[in-house]
Every structure is written in C-alpha cells, then in structure tokens.
Amino acid sequence: MESTKFIETLEEINQTQREFITALKEKPKQQLSQKPNSITWSILEVVDHMNKATELYLDQIETKIDKLKLLNKTRFKKTWLAAKFTKSLAPTPEGEINN
C-alpha cells in the first residue's frame, strides 16, 4: 500500500470515528452498556476493545511510517503474522466479534 494512500485511509477512519463518537453521545448510557445477550459484547465493550487495539498499534504504525521515510520508500508490506492476526480480528459473516 502506498504510504500516501495509507495516510488518507487513516484520515478517513479518523473522521468516521469522530462521527461515531458524536452518535454515541446521543445514546443513553444504559443502552450503550446493555448486552444483547450473554455471549455478545455491549456497545461500550466493543468501543473499549477498539480503543485498546488502536493504542497497541499506533506506535507501531508511526515507527513503520518513519522507517519508510528514512528508506525513501512509499510502500510497505504486512508480515504473514500481521496478516493472520488482522484476519483474526475481523467480525464473523453474521457481524459478530470473536472473543
């Protein structure tokens, strides 16, 4: 992926997150905390999970971008392990998140 495209994608995600936060602020806390059933997460649990995952990767992303700049490269490639881990975080076809 081109580094400029990567940055554009991050900016789009950032905008989507801001819109999502605005929508969440309009919801009652009880609704955000309520689990649909005993085996799924509440909205707040999902958001907390996303925030923790984001924190884990931000430093790594910044380091990778800086390294690309030093090497004067515009593309980066995921390792097989990163690709496997990313795939494991994807929701199921039914839209559920695996624990």
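**Exercise 1.** With which residue does Lys 35 form a salt bridge, and how far apart are the closest N and O atoms?

*Solution.* The model is a predicted one.
Step 1. The partner of Lys 35 is Glu 45, and their closest N and O atoms are 3.7 Å apart. This separation meets the criterion, because a salt bridge requires the nitrogen and the carboxyl oxygen to be within 4 Å.
Step 2. Lys 35 belongs to the loop between α2 and α3, whereas Glu 45 belongs to helix α3, so the pair ties together parts 10 residues apart in sequence.
Step 3. Lys 35 has a relative accessible area of 39% and is partly exposed; Glu 45, at 32%, is also partly exposed.

**Exercise 2.** Determine whether Thr 40 is buried or exposed, and identify its contacts beyond four places in sequence.

*Solution.* 
Step 1. Thr 40 is located in the loop between α2 (29-33) and α3.
Step 2. Its relative accessibility is 16%, so Thr 40 counts as buried, the cut-off being under 20%.
Step 3. Once neighbours within four places are set aside, Thr 40 is in contact with Lys 35 and Glu 45. These two residues form the salt bridge of Exercise 1.

**Exercise 3.** The structure holds two salt bridges; describe the one between Lys 52 and Asp 48.

*Solution.* 
Step 1. The N to O distance between the side chains of Lys 52 and Asp 48 is 3.1 Å.
Step 2. Both residues lie in helix α3, four residues apart, and are therefore separated by about one helical turn. In general, an α-helix has 3.6 residues a turn, so residues three or four places apart point the same way.
Step 3. Lys 52 is partly exposed at 49% relative accessible area, and Asp 48 is partly exposed at 37%.

**Exercise 4.** Verify the span of helix α1 and state which of its residues are buried.

*Solution.* 
Step 1. Helix α1 (residues 3-25) has 23 residues, which at 1.5 Å a residue should span 33 Å.
Step 2. Ser 3, Phe 6 and Leu 24 are buried in α1, and the cover of its buried residues includes α2 and α3.

**Exercise 5.** Which residues form a nonpolar patch on the surface, and what is their accessible area together?

*Solution.* 
Step 1. The patch consists of Phe 20, Ile 43 and Met 50, with about 240 Å² of accessible area together.
Step 2. Met 50 is part of helix α3 (residues 43-70) and, at 37% relative accessibility, counts as partly exposed.

Notes. Residues are numbered from 1 along each chain as its sequence is written. This is a predicted model: local features need pLDDT of at least 70, side-chain atom pairs count only at pLDDT 80 or more; totals for chains, interfaces and linings use all residues. Side-chain values use heavy atoms; hydrogens and water are left out. Patches are made of residues with over 30% relative accessible area and no salt bridge: like charges are joined within 9 Å, nonpolar side chains (Val, Leu, Ile, Met, Phe, Trp, Tyr) within 5 Å. Accessible areas come from the Shrake-Rupley method with a 1.4 Å probe; for residues, only the protein chains shown count as cover. Helices (H or I, at least four residues) and strands (E, at least two) are DSSP runs, numbered from the N terminus. Buried means under 20% relative accessible area, exposed over 50%, partly exposed in between (1.4 Å probe, protein chains only). Contact means heavy atoms within 4.5 Å. The expected span of a helix is 1.5 Å times one less than its number of residues.
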